Amino acid sequence: CSECGKCFSARSNLFRHQRIHTGEKPYKCPECGKSFGQSSDLIQHRRTHTGEKPFSCSFCGKSFNERSHLIRHQGRHTGEKPYKCPECGKSFVQSSDLLIHRRSHAGETPYTCAECGKRFRVSSSLVRHQGLHTGEKPYKCGECGKGFSARSVLVIHRRLHTGERPYECPACGKRFVQSSNLSRHRRIHTGEKPYPCPVCGRRFGVRSSLVKHQRLH
């Protein structure tokens, strides 16, 4: 890819990837009009309208509309996290999660907004951000009517109404609405500081603390 340097084994995969940079979205949902860069993303999206969840957990029976969500979920049952970060030692259920995590160490942000130039580590963050420019918020909360540009954000928002906190700290029992909040909290117990300052080497447990520190340099 001439934009970010990522390599592909097939030209068709490169073409699909380049749509992330160009913003081209040729696949349109007939239900809500939302457009996608890949046909597979449209197929996954349409399940939000149909309620289809074809991927079931063999441990507890819970169903998911995406295979990747099932794999992450099953990691909670097995505890298996075979993909380990060589920089900080953090482990992950999927290799794709490790790839995204390693960008936090490298400062890599390969996904650029065509409207304002802001850059992101993951394509899903870019998609959510682009909703700020388009104003598109197709995912509505059934409780309060608030709209969201991404289904994942709606799922988190709904927990404010239900009080659900599905992520529990194994060390102290404190529960959280989002897995990312649990990850940050667990560093209090483990002492993990995965964000090093590239200037002086000082390490931080939270990215925002690193950003504040870097202003001193």
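Colleague: Which residues of helix 5 are buried?

Modeller: A residue is called buried when its relative accessible area is under 20%, exposed when over 50%, and partly exposed in between, using a 1.4 Å probe and protein chains only. In helix 5, the buried residues are Ser125, Leu126, His129, Gln130 and Gly131. This is a predicted model, in which local features need pLDDT of at least 70, side-chain atom pairs count only at pLDDT 80 or more, and totals for chains, interfaces and linings use all residues. Residues are numbered from 1 along each chain as its sequence is written, and side-chain values use heavy atoms, with hydrogens and water left out.

Colleague: What do the buried residues of helix 5 pack against?

Modeller: Helices (H or I, at least four residues) and strands (E, at least two) are DSSP runs, numbered from the N terminus. Contact means heavy atoms within 4.5 Å. The buried residues of helix 5 pack against helix 1, strand 7 and strand 8 (119-120).

Colleague: How should helix 1 be read, and which of its residues are buried?

Modeller: The twelve residues of helix 1 (residues 11-22) should span 16 Å, and its end C-alpha atoms are 16 Å apart, in agreement. His17, Arg19 and His21 are its buried residues, and what covers them includes strand 1 (27-28) and strand 7 (111-112). Arg16, also in helix 1, counts as partly exposed because its relative accessibility is 32%. After helix 1 comes Gly23, with a positive phi near 85 degrees.

Colleague: Into which domains is the chain divided?

Modeller: Domain bounds come from an automatic or database domain assignment. Here the chain is divided into domain 1 (11-67) and domain 2 (83-134). Taken over C-alpha atoms, the centres of domain 1 and domain 2 are separated by 18 Å.

Colleague: Where does the second largest pocket lie?

Modeller: Rolling a probe the size of a water molecule over the atoms shows where empty space is left. On a 1 Å grid over the protein atoms alone, a pocket is an open set of points with protein on both sides within 12 Å along at least five of seven lines, where a 1.4 Å probe fits; lining residues have an atom within 4 Å of a point. The second largest pocket lies between domain 1 and domain 2, because both give residues to its lining.

Colleague: How much space lies in the second largest pocket, and how many residues line it?

Modeller: A volume is the space filled by probe spheres set on the points, which are joined across faces, edges and corners. The second largest pocket holds about 200 Å³. Its lining has 14 residues, and Lys25, Val127, Gln130, Gly131 and Thr134 lie nearest its centre. Gln130 and Gly131 are also among the buried residues of helix 5.

Colleague: Is His45 buried or exposed?

Modeller: His45, in helix 2 (residues 39-50), counts as buried because its relative accessibility is 4%. Leaving aside neighbours within four places in sequence, His45 is in contact with Cys29, Cys32, Lys34, Phe36 and Tyr139. Cys29 lies in the loop between strand 1 and strand 2 (35-36) and, at 2% relative accessibility, counts as buried. With neighbours within four places set aside, the contacts of Cys29 are Lys34, Leu42, His45, Arg46 and His49. The C-alpha atoms of Cys29 and Arg46 are separated by 7.0 Å, although the two are 17 residues apart along the chain.

Colleague: What does Ser104 touch?

Modeller: Ser104 is in helix 4 and counts as buried, at 10% relative accessibility. Not counting residues up to four places away in sequence, Ser104 touches Arg121, Tyr195 and Arg207. The C-alpha atoms of Ser104 and Arg121 are separated by 7.7 Å.

Technical notes:
The expected span of a helix is 1.5 Å times one less than its number of residues.
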